[in-house]
Amino acid sequence: MVSITIDGQKLEVEPGSTVLNAAERLGIEIPTFCYWKRLPPLASCRMCLVEIEGLRRLQPSCATVVAEGMVVRTNTPLIEETRSSMLDMLLANHPLDCPICDKGGECELQDMVMAYGPRESRFRDPKRVFHSKDLRLSPVIIMNVNRCIQCQRCVRMCEDVVGAVALGTVEKGMDTAVTGFEGSLASCDQCGNCVEVCPVGALMSFPYRYKARPWDLKETDTICPHCGTGCQLTVGARKGEFLRVRSDWEHGVNRETLCVRGRFGLDFIESRDRIKRPMISRDGTLTPVSWMEAGDYLARRLAALDGRAAGGLISPRLPNEVLYRFQKLMRTAFRTNNVDCSSRWSTPVDALVPLIAGFYSRAPLDEVIGNDAVLVIGGNVTEENPVTEYLLRDAARQRRTRLLMLSARPSRLDADAQAVVRMRPNAQGHSLAALAAAVAAAAGDALPVGVLAEIRAATGEPAAIAGAGTDRMASALAQAHSVAVLVSVDLLRSPEARATLQQLGNLLQLLRLLGKGPAMQFLFDRANQLGAWDMGVLPAALPGLQALADEHARALLGLAWGSEIPSEPGLDFDAMLELCSDGSMGPLYVVGTDPLISHPDRKFVRAALDAADLLIVQDAFLTETAGLADVVLPAAGYGEESGTFTNNEGRVQMVRKFREPAFEARNNLAIFDFVAALGNRPLQSPTEDEVFGEIARLVPAYAGLSPDGLGADGAFTRPAPTPPPATFFAGPPAPQPAERLMLITGNCLFHNGYDSERSEILNTVADDPYAEMSAEDAAELGVSDGDPVVVQSALGELTAKLKVNRRFPRGVVFVPENYRALRLSGLMRRGEYPCPVEVRAAGASNAIAPLAGSGKPEDLGGGVAGSA
Amino acid sequence: MFEPVLLRNIDLPDGHLLSSYEAGGGYEALAKVLREHTPDEVVELVKQSNLRGRGGAGFPTGMKWSFVPKQSEKPKYLCCNADEGEPGTFKDRIIMERDPHQLIEGLAVSGYAIGAETAYVYVRGEYVTAIRRLEQAIAEARDAGYLGRRVLGSDLNFDVHIHCGAGAYICGEETAMLESLEGRRAQPRLKPPFPAVAGLYASPTVINNVETLACVPHIVARGASWFRGIGPDKSPGPKLYCVSGQVRRPGLYELPMGIALRELVEEHAGGPLPGRKVQAVIPGGVSAPVIPETGLEVGMDFDSLAAVGSMLGSAGVIVVDDTTCMVKVATRIVEFFHHESCGKCTPCREGLNWAVKVLRRIEAGQGTAGDLEQLEMLCKGIFGNTFCALGDGAAMGLRAALEHFRDEFVAHIEERRCPFH
Amino acid sequence: MTMREEIEAAAARYPSRRSAIMPALLIAQKEHGHLPGAVLEEVADILGVERIWVYELATFYTLFHTEPVGRFHLQLCDNVSCMLCGAEDLLRYLEAVLGTEKGETTPDGLFTLSTVECLGACEVAPVMQVGDDYHGNLDIARLEALLESLRAMAGQAVSAEPAPQPSAGE
Ligand SMILES: Cc1cc2nc3c(=O)[nH]c(=O)nc-3n(C[C@H](O)[C@H](O)[C@H](O)COP(=O)(O)O)c2cc1C
Ligand code: SF4
Ligand code: FES
């Protein structure tokens with residue numbers, strides 16, 4: 001520790017702290033502009049100058065590191081004069097157009113001048129003017145250079161934190177201006193973090209421009225609904241009208257950052273295809289009715305189906321309370337364990353639950369990635385969980401965390417990684433087995449003899465399967481003191497998911513034996529996926545991820561619920577669809593999700609949904625699935641009901657409503673009660689808080705939590721460490737090299753889930769629907785960047801714009817899942833992933849022989865399941 | 001008569017060719033060093049010589065070299081500052097054009113001393129002839145085994161590359177130069193870390209001026225005490241003085257450090273033009289505060305000039321005679337700094353802009369009462385508060401003009417016109 | 001050597017490709033006369049660096065031109081030493097005979113007139129750089145002769161190859 005004196009007060013601080021940080025600890029305020037906690041100091045604005053005894057000149061406190069015995073003064077007349085002088089100089093050319101500036105009222109320059117500025121300027125000469133009209137850098141970012149004070153926070157955020165390197169600085173001296181290449185930010189991430197950190201009204205949000213004065217906004221702190229990172233944000237609304245999002249600088253995993261989806265993608269709540277009133281299907285068309293009529297109709301139909309199988313599917317984008325109540329409703333009122341929360345992948349509960357119980361780290365991401373090495377498996381974290389990626393970049397650059405990337409898709413983060421291995425999408429389990437074997441080999445003597453032998457027996461000889469990249473990765477893992485593993489849910493898409501998770505378990509187990517205390521977290525693309533699992537929205541697991549087969553758990557829960565829980569194992573959504581197809585499904589209850597868009601084999605799904613006796617859809621938006629429903633119940637949308645999300649970190653955070661449900665929509669909880677009451681169950685109508693209380697009582701990981709106690713940063717659920725069995729699963733056989741291109745899917749930067757497609761703003765900045773592949777494959781196929789191409793599988797085809805990516809591996813094509821218009825699910829086959837496809841220039845004659853079972857995706861007629 | 005050291009080949013018709021350089025004993029110092037000295041001994045020798053940097057700041061060269069860590073995982077670099085942008089300065093250009101091997105030998109010896117295998121010479125882009133000559137000389141030196149792998153059969157690997165500037169005075173500031181070499185906008189870097197520890201590509205780096213490096217082979221050849229015997233002991237050596245402006249014989253003069261400014265201007269450079277009188281002299285490029293005629297007795301070395309509130313800087317001596325308006329000179333100087341400000345820090349970027357506006361007004365006869373106080377206030381806000389020394393240079397220059405030639409400023413404001421027109 | 005090869009050769013001198021942006025821009029400017037956006041993109045592509053980095057440098061340094069310049073770029077130094085030796089008169093003269101203000105190009109595209117900061121040749125002030133060459137100790141008579149010879153040079157070039165454009169200014 002270093003002891004220093006600031007303004008007469010003594011204190012001890014960590015070596016390496018700056019004078020500014022030390023002053024902050026004493027509550028001494030030093031004004032700053034260019035200083036930004038997350039960024040290396042720039043020390044260019046000169047606002048933070050202080051006196052240091054023994055030094056002739058004033059020193060920038062933001063960049064001056066404390067030294068033993070240092071005596072600092074921050075409040076002398078010279079300092080006051082200097083601060084005032086810096087502000088006077090900044091104002092000399094500042095336009096002072098505060099009345100029409102969006103930033104007026106929340107401008108750092110205004111505040112600083114109030115606090116430290118000259119009361120009167122001596123400047124009399126004409127001001128410099130860059131331009132008279134603001135410059136529209138992108139659809140969402142607009143610039144007024146005249147107001148810029150050159151703190152460079154924006155440019156540094158863009159390069160150092162976001163990694164986009166889209167903003168830059170042109171010219172020099174007085175002409176210095178922040179801008180994009182050739183004055184455009186057309187191809188940036190549009191995350192708007194530059195706008196967020198701009199202290200003045202230079203960089204502005206175009207959608208919000210001239211919309212409001214900050215003091216007219218009612219601000220609500222809540223959680224972003226777009227991915228599992230779970231960023232905190234603040235919604236600004238006026239009389240219930242959504243106006244803007246800004247980040248809450250002090251709190252949450254993200255602090256001041258957000259990605260484009262969070263900052264600009266919340267306008268989906270204003271989308272026009274809201275369901276306004278309940279509807280029932282009459283002669284094949286949906287007809288608006290009152291809630292009472294809908295109730296009568298439903299009661300009649302449900303009564304008729306009593307005793308038939310039922311099933312429920314709900315979106316993991318809904319709050320814990322809603323998810324919890326839904327599975328409870330299904331398990332008690334509908335007396336079935338047929339309940340699931342994903343329609344895009346299978347969830348091998350038997351392999352998943354031990355992983356979560358044994359390794360899931362319910363701790364701040366920032367802490368987790370502070371580990372020596374971070375292994376990121378699968379997906380594309382840059383596009384799928386952008387804010388998580390910012391933290392990873394920061395860890396790699398500033399904290400020297402070794403970043404290891406193992407995935408099929410390349411990402412921007414690869415550039416900061418120490419080892420990158422492109423795994424074949426049909427060989428995920430195999431790649432993990434190879435990595436584990438290589439780690440075991442690299443660790444050598446550090447492992448107990450028996451374990452090495454066991455691992456060898458399970459995975460085979462490492463040399464035979466590992467490549468140079470794998471070896472580098474393995475030795476980094478073996479050398480690291482501690483390891484974090486971040487896993488994309490990409491791994492669950494494949495029918496091999498069970499084997500893949502088992503191999504992941506092997507690797508984690510091995511790392512644990514080596515003393516690396518591996519901390520694992522998933523990188524979910526849905527805001528409350530972990531919550532959904534914790535809430536027991538799974539056919540084979542009860543709340544708390546307790547096995548349904550566990551009689552004791554079932555009995556206890558049944559007792560608490562006052563209702564026996566059926567012991568018969570439930571079906572996952574795919575199996576429920578099978579049941580529908582067989583004509584054996586009574587009511588199928590779908591909440592907040594659109595399986596017709598997302599579940600593989602659109603034809604089959606369509607036919608199955610048609611074959612269900614009673615399709616109930618509860619949603620805020622009119623989805624394609626709702627179009628097939630017998631009953632449609634309008635539910636509150638995001639921002640219209642409160643609750644909690646559990647993010648990737650296992651952090652429970654409050655999602656707050658900022659307006660009442662639109663039109664005749666009702667809270668999801670209220671609708672469940674409404675439905676339950678139809679089946680002669682008493683109406684309970686608990687509040688969200690009461691439901692949370694029940695969760696806290698019955699789900700061990702949530703014990704002790706309460707909505708009031710969540711605090712500004714949320715609160716962490718608790719891991720229930722259960723040592724997993726120390727057995728190693730045998731590795732899957734090496735897959736044959738694919739003869740055709742392999743189609744993989746996932747999320748892209750601008751869209752994630754189907755809510756985002758309802759955001760007008762995201763649609764204006766997003767790429768057109770695209771298919772991405774390597775330059776080599778494109779060249780071989782005679783197609784080039786921007787060309788429309790046809791991607792054709794055995795089941796169907798789609799047309800999209802080609803995006804050539806020089807870093808893409810050969811043999812792989814990526815199409816984002818989230819463009820409804822692409823009807824990607826029409827190409828995918830159930831139980832098959834990656835999907836073999838051909839790609840050709842659109843308009844070119846179909847060079848390949850027609851494949852069996854191919855059909856136009858639009859062709860939904862027939863009502864019979866497609867070949868599978 | 002002082003016998004030229006650095007300029008001894010300057011008038012040879014083919015002085016830039018290897019053959020001429022070798023004929024005058026060129027590269028013998030390099031051979032001697034490789035044969036007889038360890039790198040540490042060379043550093044010690046340069047320390048003993050009291051050689052101080054000729055780029056402007058006058059930092060002791062041997063001491064700078066000794067900051068380079070002996071053990072380093074990263075390669076070390078030597079950078080030669082040949083960006084020569086200080087108005088009134090042209091010495092480095094003349095060395096590179098007429099005696100480039102002198103610089104290359106200096107680079108090789110210095111590279112050996114600090115353990116660098118690569119040197120970059122950052123030459124301002126306007127110096128096309130110098131660049132060509134240097135390129136040619138590097139090629140010749142490579143062919144002759146003075147550069148490249150196993151220099152002169154020793155274990156030294158050392159090569160020199162040229163990096164052309166593209167018109168930015170700030171690149172002369174050493175950390176801005178490193179940024180520029182790394183392909184960024186040339187804006188100065190925070191120190192610490194100092195370049196000797198983490199400079200180019202975050203590797204240990206020494207940056208020296210052309211003239212500084214050119215001195216090194218002579219110190220090796222003739223010894224440290226010979227060098228210290230020339231001029232003041234604390235600031236010794238042969239020195240190149242660039243004389244320009246309103247004098248009879250502008251030109252480059254090599255004379256001992258510490259020579260009186262008056263002797264330099266009046267004797268060597270021939271004094272003022274016929275019928276005129278010297279009004280003021282800027283002794284070290286426009287960053288150096290102006291000295292009125294009455295102060296010309298000062299000795300031209302780092303310490304003597306600092307003692308009178310000016311500086312030796314790059315020894316660009318600009319003579320201003322009594323027909324010239326000092327307000328105009330001051331305005332032009334501040335305009336220069338304003339134009340060349342990199343824009344990083346507030347006081348330099350904004351303060352100089354403000355000062356220029358006021359100065360232009362005063363010069364045009366539109367000054368108002370209070371303008372001079374405003375300029376003084378600006379100088380106070382700028383001086384000592386800027387990120388690098390560019391802003392300081394501007395503020396010091398303006399302050400000196402306001403102090404020594406206040407009457408002229410006042411006359412402009414009171415008469416509402418320039419008295420010289 | 002093609003432009004790409006020249007740039008690759010320059011890049012080989014540095015451990016980082018970003019360092020080669022400046023040399024690459026000098027090479028590209030020699031090839032294209034100035035540096036429009038498409039050329040900047042090409043440079044970024046060849047070096048595999050961010051486009052914005054290239055753009056930043058192309059605008060920071062005064063020797064890079066993102067806009068076209070005339071056949072002869074007259075760069076008159078007007079810093080202190082040259083000013084003391086009469087650079088202002090030379091500027092007024094040039095503006096008058098060329099009919100352009102500083103910073104502009106003559107309508108025939110022959111001359112761009114600029115003033116520049118110190119060229120580092122104050123011993124022969126006033127100085128002007130034209131293309132690669134310095135012309136020192138200038139006075140009006142020498143300037144006249146210089147312009148004459150530049151025009152003659154342009155004329156020769158024009159008659160040697162078919163004139164690209166009948167020049168309006170002559
Ligand atoms: C604004 C500014 C401009 C400078 N320009 C030059 C220059 O053109 N040439 C030079 O050698 N040093 C210049 N310097 C000094 C260098 O920063 C540095 O001190 C010098 O290159 C070190 O070499 P030396 O120790 O051999 O003098 C400049 C410094 C500043 C602050
Ligand atoms: S003083 Fe500041 S703005 Fe001026 S050149 Fe130095 S860093 Fe740049
Ligand atoms: S905050 Fe320290 S200089 Fe800007």
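Two rings of Phe, Tyr or Trp, the last taken by its six-membered ring, count as a pair if their centres lie within 6.5 Å. By this rule, the predicted model holds 29 aromatic pairs over all chains. One of them joins A:Phe522 and A:Phe524: the ring centres are 5.3 Å apart and the planes meet at 35°, so the pair is classed as tilted. The reasoning rests on two cut-offs, since planes under 30 degrees apart would count as stacked and planes over 60 as edge-to-face. In general, the distance of the centres and the angle of the planes describe a pair of aromatic rings. Both A:Phe522 and A:Phe524 are buried.

Elsewhere in chain A, one aromatic cluster is made up of A:Phe326, A:Phe334, A:Tyr589 and A:Phe672. Rings of chain A also take part in contacts with charged side chains. The charged end of A:Lys803 sits over the ring of A:Tyr770, 3.9 Å from the ring centre. For A:Arg666, the charged end sits over the ring of A:Phe674, and here the distance to the centre is 5.6 Å.

Ligand 1 is surrounded by 18 residues, and the closest are B:Gly55, B:Lys64, B:Asn81, B:Asn209 and B:Thr212. Which elements of chain B each supply at least two residues of this shell? They are strand E4, residues 205-209, and helix H16, residues 389-404. E4(B) gives the largest share, three residues. By class, the shell around ligand 1 consists of eight polar, six charged and four nonpolar residues.

Oxygen atoms of ligand 1 take part in polar contacts with chain B. An N or O atom in the side chain of B:Asn209 is 2.7 Å from an oxygen atom of the ligand. B:Asn208 places a polar side-chain atom 2.9 Å from an oxygen atom of ligand 1. With B:Glu174 the contact involves the backbone: one of its polar backbone atoms is 3.1 Å from a ligand oxygen. On its own, ligand 1 has 610 Å² of accessible area, of which the protein covers 89%.

Ligand 2 has 13 residues around it. Those that come nearest are B:Cys342, B:Lys344, B:Cys345, B:Cys348 and B:Cys388. How does the shell around ligand 2 divide by class, and what are the counts? Eight of its residues are nonpolar, four are polar and one is charged. In this classification Cys counts as nonpolar and Lys as charged.

Conventions:
Residues numbered from 1 in each chain as written. Chains lettered and ligands numbered in written order. Predicted model: local features only at pLDDT ≥ 70, side-chain atom pairs only at ≥ 80, totals over all residues. Heavy atoms only, no water. Near = heavy atom within 4 Å. Polar contact = N/O pair within 3.5 Å; in protein donor to acceptor, adjacent residues only side chain to side chain. Areas by Shrake-Rupley, 256 points an atom, 1.4 Å probe, with all protein chains shown as cover. Helix = DSSP H or I, 4+ residues; strand = E, 2+ residues; numbered from the N terminus. Buried < 20%, exposed > 50% of the residue type's maximum accessible area, 1.4 Å probe, protein only. Lys NZ or Arg CZ within 6 Å of the ring centre and 35° of its normal.
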